[in-house]
Amino acid sequence: MRIDRVDRRILNELQADGRITNAELASRIGLAPTSMSDRLRRLQSAGYITGFTARIDPLMVGLELLVFVEISLDKTTPDAFEKFSRAIRLAPEVLECHMVAGGFDYIVKARVTDMSHYRAFLGDVLLNLPGVSETRTYPVMEEVKTDGPLPI
């Protein structure tokens, strides 16, 4: 499914405010509420809209340390990638995990309470994941830009 200019405006509005009412969204875009409902259903069923969530301030819930971790595997086979992928999805501290090209295999974004929690997470979880041979950790000193909208 291809999206048009109106669909792009809808997606941009939803990125700015996911709690906007259908009536308000229709008003901003210049569509009738029923037309807006039809477009939203179409965008959701086509997979453009993958869900709605609340953004929680991590500091308010005690998750003060953000880290990025480079992970290298001992083998780069389809089976090794699959085993690692299945296991990393089970770690609640992991916010994102991406397979990358370059000097290592994966980059992980994780959030923990503090360095002590990270040390336990590294030893108990990351280093015990299938195939992990090496890690490099980058603690974040300052979050400059987070949760930016997609440039649609």
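Here are a few friendly questions and answers about charged residues in this predicted model.

Me: What should I know about the model before reading on?
Reply: It is predicted, and local features need pLDDT of at least 70, side-chain atom pairs count only at pLDDT 80 or more, and totals for chains, interfaces and linings use all residues. Residues are numbered from 1 along each chain as its sequence is written, and side-chain values use heavy atoms, with hydrogens and water left out.

Me: How many salt bridges does a search of the whole structure find?
Reply: A salt bridge here is a side-chain nitrogen of Lys or Arg within 4 Å of a carboxyl oxygen of Asp or Glu. With that rule, the search of the whole structure gives twelve.

Me: Which residues are linked with Arg39 in a network of salt bridges?
Reply: Arg39 and Asp7 meet in a salt bridge at 2.7 Å, N to O. Arg39 lies in helix H3 and Asp7 in helix H1 (residues 5-16), so the pair ties together parts 32 residues apart in sequence; helices are DSSP runs of H or I, at least four residues, and strands are runs of E, at least two, numbered from the N terminus. Besides Arg39, the network holds Asp4, Asp7 and Arg42.

Me: Are Arg39 and Asp7 buried or exposed?
Reply: Buried means under 20% relative accessible area, exposed over 50%, and partly exposed in between (1.4 Å probe, protein chains only). By that scale, both Arg39 and Asp7 are buried.

Me: Which backbone nitrogen does the side chain of Asp105 reach?
Reply: Asp105 sits in the loop between strand E2 (94-99) and strand E3 (106-112). Its side chain reaches, at 2.7 Å, the backbone nitrogen of Leu73.

Key
A polar contact is a pair of N or O atoms within 3.5 Å; within protein, one must be able to donate a hydrogen and the other to accept it, and residues adjacent in sequence count only if both atoms are side-chain atoms.
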